[in-house]
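Biologist: Before we use any labels for this structure, I would like to see what each one rests on. Could you go through the values and the cut-offs behind them?

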Amino acid sequence: MSNGTAATKKGHFPWKHVVGFISSIVLTLVALWIAFYSAFSVRTIIVLIFSLAFIQAALQLLMFMHMAESSNGRIQVGHILFSAFVAIVVALGSYWVMEFGIHLEHHM
Amino acid sequence: MDPAWDEFIITGEPFILAGQIAILVTTIGIIFILTYFKKWKWLWNEWITTPDHRKIGIMYIIASLLMMIRAGVDAMMMRTQLAAPNMPFLGEAQHYNEIFTTHGTIMIIFVATPFLIGLMNVAVPLQIGARDVAFPFVNNLSFWTFFWGAMLFNISFVIGGAPDAGWSAYMPLASNDLSMGPGQNFYLLGLQISGIGTLATGINLVTTIIKMRAKGMTLMRMPMFTWTTLITSLIIIGSFPILTVALAMQTFDRLWDAAFFTLQDGGMPMMWVNLFWLWGHPEVYIVILPAFGIFSEIITTFARKRLFGYTSMVFAIAAISGLSFLVWVHHFFTMGAGPMVNSFFSISTMAIAVPTGVKIFNWLATLHRGRIRFNVPMVWALGFIPNFTIGGVTGVMLAMAAADYQYHNTYFLVSHFHYVLIAGTIFGCFAGTIYWWPKMFGVKLNERLGHWVFWLFMIGFNVTFFPQYFLGLDGMPRRIYTYFPEDGWFSLNFLSTVGAYMMGFAFVLLVYNMYYSYRYEKRETSGDAWGGRTLEWATSSAIPPHYNFAQIPEVKDQDAFWQMKQEGVDPNGVEEYQDVHMPNHSGNPFVMCVFMFIGGFGLVFHWWTIGIIGALGIFACMIQRSFSRDDGHIVSAEEVRKEEAEIREGQANENG
Ligand code: HEM
Ligand SMILES: [Cu+2]
């Protein structure tokens with residue numbers, strides 16, 4: 001059974017998970033600070049927090065999801081494509097739908 | 001918020017009082033029985049802490065059946081209230097609103113989903129020739145999150161008040177302004193907790209199916225139920241995070257005055273609707289695809305034929321899984337989005353009917369010229385095909401955006417989704433339970449009673465819901481608690497209520513049959529109760545030994561077990577036994593989920609201290625688990641040999 005986690009199997013302290021966990025929290029706090037207390041322009045803030053979000057996502061994929069460890073590349077690629085599909089549908093789809101498919105500013 | 005004690009425990013409602021008394025009596029009864037028969041230890045060691053997929057599956061199924069009783073009673077009360085115009089039965093709208101909300105939420109989240117997950121747990125590891133799932137500890141955790149999430153949701157009606165904003169919990173109706181009191185908080189936290197478990201199950205099953213198939217079982221040799229489980233799990237992984245986030249946002253709105261979905265401060269109420277259905281539509285496919293898989297298994301077994309068009313079936317479910325993420329707006333065409341948006345979603349929705357149709361024809365072709373045996377699981381499968389088709393066809397009617405302005409929120413819609421959910425999902429759950437019952441309990445359900453249950457339920461179902469199409473066309477809106485004689489809806493409503501009582505009676509009979517068969521039916525003596533085709537029937541005993549297979553079978557074809565039987569191969573003819581690696585028991589998940597319940601309960605009432613205690617407890621459990629070593633244990637070859645020998649001896653004695 002693959003009951004033991006990757007960390008316990010090697011018999012070491014789960015460094016990867018701890019590092020991933022703590023850096024995720026730090027990145028989130030930094031984003032929060034930038035949004036609430038920094039004096040940047042709105043555009044800069046948005047760019048910054050988006051970048052932090054992508055960094056965190058990549059970090060989590062590597063630290064928790066064992067992205068680099070799989071032996072079967074095809075399945076890994078399939079999973080990534082599927083996730084990208086869902087993410088794009090959720091983000092762009094919501095944007096399109098909530099804009100009602102028309103540009104409200106021009107109509108109201 | 002500090003509710004006085006008499007607001008905390010709901011008082012002064014006869015039905016709720018009855019509920020409270022029933023809960024009290026049942027709890028005392030259970031505690032008494034367990035103590036009297038000294039079963040506490042057994043319960044803890046054998047069930048609560050078990051990593052065994054079959055036992056976890058059984059617990060899922062029992063819990064879902066109990067939830068079905070709860071939500072079924074809700075249904076009976078609603079149908080009684082609507083049997084005639086101006087009925088005084090439930091008194092007022094508020095009570096009715098609470099009942100339809102809990103009915104819908106429980107049926108989808110705490111019945112349909114976990115019931116199917118239970119069947120997956122029982123069957124999938126066996127079908128792929130594995131000894132357990134990939135993460136047995138997480139599997140146990142998933143069950144307990146579901147269980148305690150469901151408990152948190154269910155106590156709402158006796159403590160604090162039930163949610164009343166519908167299972168879709170639209171904002172701003174579900175906001176503090178319009179849904180006062182803690183009811184809606186129960187919904188948010190109960191679903192949040194159980195959602196974690198569903199997501200974990202999805203990950204668990206994908207890993208299991210991808211990584212743990214027996215030698216020789218390529219993807220295109222997997223049984224159809226395993227295929228649908230794989231695809232369903234992928235949909236779960238894609239869609240449940242959306243629910244998690246949306247629930248968290250609404251929780252912030254209600255508990256900490258955020259403004260994600262509010263009318264003021266720049267919130268967007270329709271964004272909730274959007275996110276809810278971004279999860280909600282994939283969710284309806286999560287509960288139908290496994291049912292499709294179950295019917296495929298049953299139809300091939302009882303028609304004694306290979307599945308017609310296996311490859312096209314696989315492509316059909318894969319197509320459905322992709323499309324299921326592209327149709328969500330059909331639930332709110334009436335929001336009034338522009339013609340581009342509504343047309344796009346109209347067309348994508350109609351497109352989803354195509355792969356569904358492919359599947360229907362494949363089943364029919366499988367039946368064609370089959371040597372059909374009409375056992376009870378098969379009868380459910382045969383009943384499914386025409387009834388589900390009615391639901392699918394009316395779905396396509398709803399998919400036309402312009403026409404949907406007429407149908408939306410009428411009884412026509414109510415009838416559509418009951419035709420797909422009952423004739424699809426619920427028929428599937430029943431059929432699967434009856435089919436795999438010998439795998440779970442070593443005995444078949446009585447066939448004569450079984451046929452009665454089917455006919456009563458199926459006829460009752462049509463009597464209940466067919467008239468509702470016409471009520472809908474006649475303008476009767478959904479979610480109303482009464483109507484006037486002048487509306488002219490009396491006779492069809494009355495008929496519908498009669499059908500509902502038939503279904504209720506059939507369900508009672510089904511549960512009775514479980515008891516009856518356990519007492520009186522003949523025990524199964526082999527692992528192959530129905531002349532099956534897939535590996536779950538290849539185990540050495542009726543209830544598989546805890547390691548499932550002494551030796552993992554080697555797969556050479558689709559319908560692996562059938563092929564072995566054709567060639568006279570005995571999957572249990574093991575020459576040399578090997579050590580078996582099995583997972584350990586753990587009480588950690590149970591404790592962790594009790595803390596989730598405690599923390600959730602605290603948040604519901606804004607009692608932050610209790611909330612923090614819950615959070616700390618959860619953390620403590622996670623840390624305990626993260627830093628402890630648990631590599632499972634080894635069952636030695638000698639023990640396996642002994643157990644197999646005992647099984648064989650028992651069978652020899654039975655067969656005289
Ligand atoms: C041929 C396939 C299907 C089509 C074309 C279809 C279409 C639709 C449409 C257009 C609606 C929205 C109608 C309205 O709100 O006015 C709807 C509602 C619904 N459908 Fe389907 N559907 C299909 C299959 C299913 C299946 C398989 C299930 C579940 C097992 C399902 C469950 C539901 C539910 C629960 C609702 C109503 C939710 C609510 O408003 O509370 N549908 N369907
Ligand atoms: Cu839908």
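Biologist: What separates the copper ion (ligand 2) from the iron atom of ligand 1?

Modeller: In this predicted model, 4.5 Å separate the two.

Biologist: Why does the pair B:His281 and B:His330 tie together separate parts of the sequence?

Modeller: B:His281 belongs to helix α9 (residues 269-303) of chain B, while B:His330 sits in the loop between α10 (310-323) and α11 (339-367) of chain B, so the pair links parts that are 49 residues apart in sequence.

Biologist: How do you know which protein atom is a donor to the iron atom of ligand 1?

Modeller: The same cut-off of 2.8 Å applies. NE2 of B:His416 is 2.2 Å away, and this is the single donor from the protein. B:His416 is part of helix α14 (residues 411-441) of chain B.

Biologist: Helix α14 of chain B also meets α4(B). How do their axes cross?

Modeller: The axes come within 12 Å and cross at roughly 145°, and the crossing is left-handed. From α4(B) the contact includes B:Arg54, B:Ile58 and B:Met68, and from α14(B) it includes B:Tyr411, B:Phe430 and B:Lys439. By class there are nine nonpolar, no polar and three charged residues.

Biologist: Why are α6(B) and α18(B) called roughly parallel?

Modeller: Helix α6 (residues 136-154) and helix α18 (residues 588-604) of chain B pack at an angle of about 30°, with their axes 8 Å apart. Angles under 35 degrees count as roughly parallel, and therefore the two helices take that label. Their crossing is right-handed.

Biologist: Which residues make that contact, and how do they divide by class?

Modeller: Among them are B:Trp144, B:Trp148 and B:Leu152 of α6(B), and B:Phe590, B:Met596 and B:Phe601 of α18(B). The residues of the contact divide into 14 nonpolar, four polar and no charged.

Biologist: What makes the bond between B:Met171 and B:Pro172 stand out?

Modeller: Its omega is about 5°, and the peptide bond is cis. B:Pro172 is placed in the loop between α6 and α7 (183-211) of chain B.

Biologist: What is noted about the phi of B:Asn86?

Modeller: The phi of B:Asn86 is positive, about 50°, although the residue is not a glycine. B:Asn86 lies in the loop between α4 (53-82) and α5 (93-127) of chain B.

Biologist: Which residues of chain A does UniProt list as "transmembrane region", and what does the model have there?

Modeller: The unreviewed UniProt entry lists residues 18-39, 45-65 and 77-98 of chain A. In the model, residues 18-39 of chain A are 91% helix and 0% strand, with end C-alpha atoms 32 Å apart. Residues 77-98 of chain A are 100% helix and 0% strand, and their end C-alpha atoms lie 31 Å apart.

Biologist: Where does UniProt place "domain: Cytochrome oxidase subunit I profile"?

Modeller: The unreviewed entry in UniProt puts that feature at residues 38-556 of chain B. Over this span the chain is 68% helix and 0% strand, and the end C-alpha atoms are 48 Å apart.

Terms used:
Residues are numbered from 1 along each chain as its sequence is written. Chains are lettered from A and ligands numbered from 1 in the order in which they are written. This is a predicted model: local features need pLDDT of at least 70, side-chain atom pairs count only at pLDDT 80 or more; totals for chains, interfaces and linings use all residues. Side-chain values use heavy atoms; hydrogens and water are left out. Donors are N, O and S atoms within 2.8 Å of the metal (3.2 Å for Na, K and Ca); water is not among the atoms, so sites may look incomplete. Helices (H or I, at least four residues) and strands (E, at least two) are DSSP runs, numbered from the N terminus. UniProt positions are given in the numbering used here, feature names are shortened, and annotations may be inferred rather than shown by experiment. Axes are lines fitted to C-alpha atoms, for helices over the stretch in contact, and angles run from 0 to 180 degrees between N-to-C directions. Angles under 35 degrees count as roughly parallel, over 145 as roughly antiparallel, 65 to 115 as roughly perpendicular and the rest as oblique. A crossing is left-handed if the near helix is turned anticlockwise from the far one by less than a right angle, and right-handed if clockwise. Contact means heavy atoms within 4.5 Å. Ala, Val, Leu, Ile, Met, Phe, Trp, Tyr, Cys and Pro count as nonpolar, Asp, Glu, Lys and Arg as charged, and the others, Gly among them, as polar.
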